[in-house]
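Here are some friendly notes to read alongside the model. Take them one at a time, and keep the structure open as you go.

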Amino acid sequence: MTPGSYCKDRAVFIAAGAACALGVAGMFAVLGQGFDAAVLSATFVGACWAGALALDYARRRRFCRELDALSEELDQAYYASALLEEPSFLEGRLAYRALERVGKAAADDVARHKQEAEAYREYVELWIHEVKTPIAAAALMASGLRGSEGSRIKGEIDRIESYVEQALYYARSTSLERDYAIRETVLAAVVREACKKNARYLIERETLPVIEVDDDARVFADGKWLGFIVGQVLSNSAKYGATSVRFSLHEADPGTKNACSILEISDDGRGIPAADVSRVFERGFTGSNGREQGSSTGMGLYLVSQMCRKMGLGVAIASEEGVGTRVLIRFPHDRRRLDASR
């Protein structure tokens, strides 16, 4: 609220005050009190009126400034009334009470939707755990099959299991709960386990993983989440024509506060078109490669980015169409001191 906008809003009251001051001056002049008495009386009335308006402006301006600041700073603006003092002027009190009612209704609505979302997430997780039983039974029955037909059936079962696992991690990624544990993890073991889990698909796609990570290399992350991340990147490389996928670890910015270990996963696949690179971490984005493939959900790399963010890791991707793709996962060294102190 500016003085100009306030004066414009109170134009009628200002005009009434001016008329009142002039009327008093006129009465003094008619009563023969002299020019000086008329001017003095008009000045006194005008000063009192101006003082009252200035006080009213100050009260309103404080309330409006606090309300504007809170509504811009708060992520949930409906909490603003809880942080505001109830103003002393009538319109402000009415607005404050209306804001309280709106805020309470909004908070109740948000809480209800959160409960519904949590109930749905729990149902999805339960369904996923239930469906794993028939998948495991089908895999056991298929294990005795031989020949190309048996291999295809086993491959399809693996893909079903992979999509079910992806759905499980997606459901967990939307949870407000901390259902992961950051601890020191042997990186090479995680990479090998991801390659083993995707072995059938890698063989089917004729993709060779090359692991150049020392067995004593350790990072701070949740082992299961990191294994899922590596598996998603690995299966993407195989899906899009890579004949080899190389895993290497190197240090960046040693001796500085930005020191970190970077896991590089590079392949020689078809690469990503330049126009799509900046969007590959968006939810549901498949890009031109995914549309050509026909079986892409656009959720794999989205989950990779979300899970890295939750664990405090960095992730980036670089790609050149027809040459290959590099995915870089950054493990900050300052996490070591942070987690060791907990």
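**Notes on the predicted model**

1. Let us begin with a pair of helices: the axes of helix α6 (residues 147-173) and helix α9 (residues 223-239) come within 12 Å of each other and cross at roughly 130 degrees. Axes here are lines fitted to C-alpha atoms, for helices over the stretch in contact, with angles running from 0 to 180 degrees between N-to-C directions. That angle makes α6 oblique to α9, since angles under 35 degrees count as roughly parallel, over 145 as roughly antiparallel, 65 to 115 as roughly perpendicular and the rest as oblique. The crossing is left-handed, meaning that the near helix is turned anticlockwise from the far one by less than a right angle.

2. Which residues meet between these helices? From α6 come Glu 165, Gln 166 and Tyr 169, and from α9 come Lys 224, Trp 225, Phe 228 and Gln 232. Contact means heavy atoms within 4.5 Å.

3. A word on how to read this. The model is predicted, and local features need pLDDT of at least 70, side-chain atom pairs count only at pLDDT 80 or more, and totals for chains, interfaces and linings use all residues. Residues are numbered from 1 along each chain as its sequence is written, and side-chain values use heavy atoms, with hydrogens and water left out. Helices (H or I, at least four residues) and strands (E, at least two) are DSSP runs, numbered from the N terminus.

4. Now for the sheet. Its 5 strands form an open sheet in the order β2-β4-β5-β7-β6, with mixed pairing; two strands pair if DSSP finds at least two bridges between them. At the edges are β2 (208-212) and β6 (314-320), each pairing on one side only. From one strand to the next, the twist averages 20 degrees. Helix α7 (residues 187-197) lies across β2, β4 (244-252) and β5 (260-267), and runs at about 175 degrees to β2.

5. Look next at β7 (residues 324-332), which is antiparallel to β6 and joined to it by 7 bridges. Ile 317 has Val 327 in β7 as its bridge partner, while Ala 316 has Leu 328. The hairpin of β6 and β7 has 3 residues between the strands, and Gly 322 in this hairpin takes a positive phi near 85 degrees. Strand β7 also runs antiparallel to β5, with 8 bridges joining them; here Ile 262 is partnered by Arg 330 in β7.

6. Is helix α12 mostly enclosed or open? It is largely enclosed by the rest of the structure, because 10 of its 12 residues are buried, where buried means under 20% relative accessible area, exposed over 50% and partly exposed in between (1.4 Å probe, protein chains only). Among the buried residues are Leu 301, Tyr 302 and Met 311. The length of α12 (residues 300-311) also fits: at 1.5 Å a residue it should span 16 Å, and its end C-alpha atoms are 17 Å apart, which agrees. The expected span is 1.5 Å times one less than the number of residues. Just after α12, Gly 312 takes a positive phi of about 75 degrees.

7. Glu 206 sits in the loop between α8 (199-205) and β2 and counts as exposed at 66% relative accessibility. Asp 253 is in the loop between β4 and β5 and is partly exposed, at 44%.
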